Amino acid sequence: MKKQITCFIPVQSGIEFESTIKTLRESGVVEKIILVGDIPFTIESPDISNIRLDNFNSTKALRICANNVTTEYILLYTKTLPLDLGQNALFRMIQASENSEAGLVYSDYYEQKDGVLKPHPVIDYQDGSLRDDFDFGSLLLYRTGAFIKAVQRMYQEFDYAGLYDLRLKVSQNNKLFHLPELLYTELELDTRKSGEKMFDYVDPRNRLKQIDMEAACTTYLIDTNAWLAPKFREIAFSNDSFYNEASVIIPVRNRAKTISDAIKSVLSQDADFKFNLIIIDNYSTDGTTEIIKSFADSDNRIIHLIPDRKDLGIGGCWNEAINHPACGKYAIQLDSDDLYIDDTVIKRIVASFYEQNCAMVVGSYQMVNFKLEEIPPGLIDHKEWTPENGRNNALRINGLGAPRAFYTPVIREIQVPNVSYGEDYALGLAISRHYQIGRIYEPLYLCRRWDENSDSSLDIVKMNTHNFYKDKIRTLELCARRQKVMNRL
């Protein structure tokens, strides 16, 4: 086989990397291996060298990589843990690159976790795969020409977003090709459930990283005519007449353990305007229906809806509520697992619509267990949102926060996708294309995490399905925003 690859491997003191070197050499297509790390090396071999760097994710590191390559391909292994290549793995990736003319090839892989070997499929990259946590796996094969051209266009210096900036720039002129074959095995030490990992991006300890990522994404959006300036449509709230100023909306299916707490937290709200509670009971079978009925029989503010259709997801249930004639001017979300933090929540949310002249308000929430005891990471406030760039940065992350509230005439115009995952995100992106989204950074409700949460422990196939859908939503939104930008030119 022809040796066409230069490999860059991050190394860390105390972690074995000899087996990774061995599997790369045995591939038959690797000409040179370059170890990257801030530790001394003792390996003496003509095909191995080292670069003293303490940050493999920086722009500086990528420039150094680009200056140390003479082969047709560059292979980046992004983990320091041992790698085991499958049969003809790199040869197969080269074939895929040659046949597709892709600038980057990545593949499915095996994951070794807790002594168990499991397949880890990844998903196809699309235009809307902008989130910085897109899972490529840890083995990335770049065409050297595409890599170098992208690095030459890096005008910002990043400590954390170098690799993210690289793939965004490569994607502007080249395909990013997913080869759905299990080509290698990597060791996975993060054994947390999916519901625990999903809040990493809002952890305050990752704030500097998030700032870097936002800057890289913003540059990409500007370069591809998808960035929107902070100019928004004004709303004349006084032009609309509603009997109720606000409606709290709770879609529910089989939450007998928690629905009473949610209802009580709404009914206890203290407001100087009329409000009601619309509960869309999506054919519960565990006693939830009877609990709701008992509350509705004693309080005429509760509207208990059982849809005619049986094919509704959470988004479809929202459409039932917002299109109901009793829906108020502002539609305010509350999940059936959760409860408001005090009796001032809906009053504060409604006030924010007028104060910030926005079509949607997003609050903050406190993470708690089933007993309502605080759990890490604590407060989820999404402070990465800014009035100037929030609607652009929203394309980089996988959610906008909660609780969410909407100006009913706008949400009625858009309608909600009839799905049970990502419907709120799709709605938020569509609204932010034209209107300001208001924020409340103090906690408004207690988000109860427990084993019956729909996202507490998802397998990789379900996670991929969710992520692919959100990427598709972003793809559609990018198309709409580019049309909006081009129409202004």
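I take helices (H or I, at least four residues) and strands (E, at least two) as DSSP runs, numbered from the N terminus. The model I examined is predicted.

**Cis peptide bonds.** I looked up the bond from Ala402 to Pro403 and found it cis, with omega near -5 degrees. Pro403 sits in the loop between α12 (390-393) and β17 (404-407). I place Pro377 in strand β16 (residues 374-380).

**Positive phi.** I noted that Glu101, a residue other than glycine, has phi near 55 degrees. Glu101 belongs to the loop between α3 (89-100) and β6 (102-113) and is exposed, at a relative accessible area of 62%. Asn357, also not a glycine, has a positive phi of about 45 degrees. Its loop runs between α11 (345-356) and β15 (360-368), and Asn357 is buried, at 18% relative accessible area.

**Helices α8 and α9.** I checked the axes of α8 (residues 259-267) and α9 (residues 288-298): they come within 10 Å and cross at roughly 25 degrees. Angles under 35 degrees count as roughly parallel, and α8 and α9 are therefore roughly parallel to each other. I recorded the crossing as right-handed. From α8, the contact involves Ile259, Ser260, Ile263, Lys264 and Leu267; from α9, Thr288, Ile291, Ile292 and Phe295. By class, I list six nonpolar, two polar and one charged residue in this contact.

**Burial on α9.** I found Thr288, Thr289, Ile292 and Phe295 buried. They lie on the same side of α9, because their arc around the axis is only 130 degrees. On the other side, Glu290, Asp297 and Ser298 are exposed. The cover over the buried residues includes β10 (246-252), α8, β11 (275-281) and β12 (302-305).

Methods
Residues numbered from 1 in each chain as written. Predicted model: local features only at pLDDT ≥ 70, side-chain atom pairs only at ≥ 80, totals over all residues. Heavy atoms only, no water. Axes fitted to C-alpha atoms, helices over the stretch in contact; angles between N-to-C directions. Parallel < 35°, antiparallel > 145°, perpendicular 65-115°, else oblique. Left-handed = near helix turned anticlockwise from the far one by under 90°. Contact = heavy atoms within 4.5 Å. Nonpolar A, V, L, I, M, F, W, Y, C, P; charged D, E, K, R; others polar. Buried < 20%, exposed > 50% of the residue type's maximum accessible area, 1.4 Å probe, protein only. Arc of directions from axis to C-beta.
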